[in-house]
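Here is a short report on one protein chain. It moves from the sheet to the core, and then to single residues.

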Amino acid sequence: MKTPAFRQGGSSLIEVLIALGLVAVTMLGLLALQLRTLGLQKDSLDRRAAAVLVGGFADRVSVNFTAFRAGNYDTTGSDLGPTDTPPTATTACGTATNCTPAEVAARDWALFQIEVRNRLPQGVAYLRSDATNTQITVGWLDPARTDAQTGSAAAGANDADCTAVGLTNDSYRCYTARVSP
């Protein structure tokens, strides 16, 4: 006697569950990728803001070459560190109609510090000058470098540009540029 042949007319419940499981795993992977992309985008925006700030300040230094040559931009003692308060106002000139190059340099530095603190999270600014060039370092607090459980960055995660200016907080990222007007 012949056994009748059965034809399957649809999907079984197990096949549907397997397909749904694969879709769920794929969606979780895409979600993780999206979250990582958002974190990298934030870092990219901070780096761009730092580069724009440093570029603008470098232009100011180049325009005020007399003050640069005289060493008026060597503000090693007036860096804007993580616990420092930026100036609330810029310095005024001695006379209302004519600023000296040194007064312009002081005003440029004060404006730069205000901009750094306003545009970067916990922004810091360091300036080092010598006879041939000026090194400008801008840093910002990067929450992605901070461990949520301990509140500190991973050991050995110091940014080399931050370490070069004496910033030892591992949660900071830094951007450094040299200017030779």
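## Sheet

Two strands pair if DSSP finds at least two bridges between them. Strands (E, at least two residues) and helices (H or I, at least four) are DSSP runs, numbered from the N terminus. By that rule, 6 bridges join S1 to S2, and the two strands run antiparallel.

The 3 strands make an open sheet in the order S1-S2-S3. S1 and S3 are the edges; each has a single partner strand, so one side of each lacks a neighbour in the sheet. From one strand to the next, the twist averages 15°.

## Basis of the model

This is a predicted model: local features need pLDDT of at least 70, side-chain atom pairs count only at pLDDT 80 or more, and totals for chains, interfaces and linings use all residues. Residues are numbered from 1 along each chain as its sequence is written, and side-chain values use heavy atoms, with hydrogens and water left out.

## Chain overview

The chain has 4 helices and 3 strands. From the N terminus on, the order is α-α-α-β-β-α-β. Of the 181 residues, 30% are buried (under 20% relative accessible area; exposed is over 50%, partly exposed in between; 1.4 Å probe, protein chains only). S2 is largely enclosed by the rest of the structure, because 7 of its 8 residues are buried.

The chain exposes about 11,400 Å², and carbon and sulfur atoms supply 59% of that area. Accessible areas come from the Shrake-Rupley method with a 1.4 Å probe; for residues, only the protein chains shown count as cover. Contact means heavy atoms within 4.5 Å. Among contacts between residues at least 6 apart in sequence, 66% join residues at least 24 apart.

## Helices on the sheet

H1 lies across S1, S2 and S3 and runs at about 150° to S2. H3 packs on the sheet too, touching S1 and S2; its direction makes about 145° with that of S1. Axes are lines fitted to C-alpha atoms, for helices over the stretch in contact, and angles run from 0 to 180 degrees between N-to-C directions.

## Nonpolar cores

In soluble globular proteins, nonpolar side chains tend to be buried together. A nonpolar core is a set of buried Ala, Val, Leu, Ile, Met, Phe, Trp, Tyr and Cys residues joined through side-chain atoms within 4.5 Å. The largest one here has 23 residues. Those with the most contacts inside it are Phe57, Tyr73, Phe112, Val116, Leu120, Ile136 and Val138. Helices H1 (13-63), H2 (65-70) and H3 (101-119) each supply at least two of its residues, as do strands S1 (124-129), S2 (134-141) and S3 (172-179). H1 gives the most, with 7 residues.

Phe57 touches Tyr73, Asp108, Trp109, Phe112, Leu127 and Ile136, leaving out residues up to four places away in sequence. Apart from this core lies another, of 7 residues, including Cys162, Val165, Leu167 and Cys174.

## Disulfide

A search of the whole structure finds 1 disulfide (a pair of cysteine sulfur atoms within 2.5 Å). It joins Cys162 to Cys174, with S to S at 2.0 Å. The torsion about the S-S bond is about 105°, so the disulfide is right-handed. The pair links distant parts of the chain, 12 residues apart: Cys162 is in helix H4 (residues 160-164), and Cys174 is in strand S3. Cys162 is buried, at 1% relative accessible area. Cys174 is buried as well, at 2%.

Arg173 lies in strand S3. Its C-alpha atom is separated by 6.7 Å from that of Cys162, 11 residues apart along the chain. Not counting residues up to four places away in sequence, Arg173 touches Asp43, Arg47, Val138, Gly139, Trp140, Asp142, Arg145, Asp159 and Cys162.

Gln113 sits in helix H3. Is Gln113 buried or exposed? Gln113 is buried, with a relative accessible area of 7%. Beyond its neighbours within four places in sequence, Gln113 is in contact with Ser78, Asp79, Leu80, Pro86 and Pro87.
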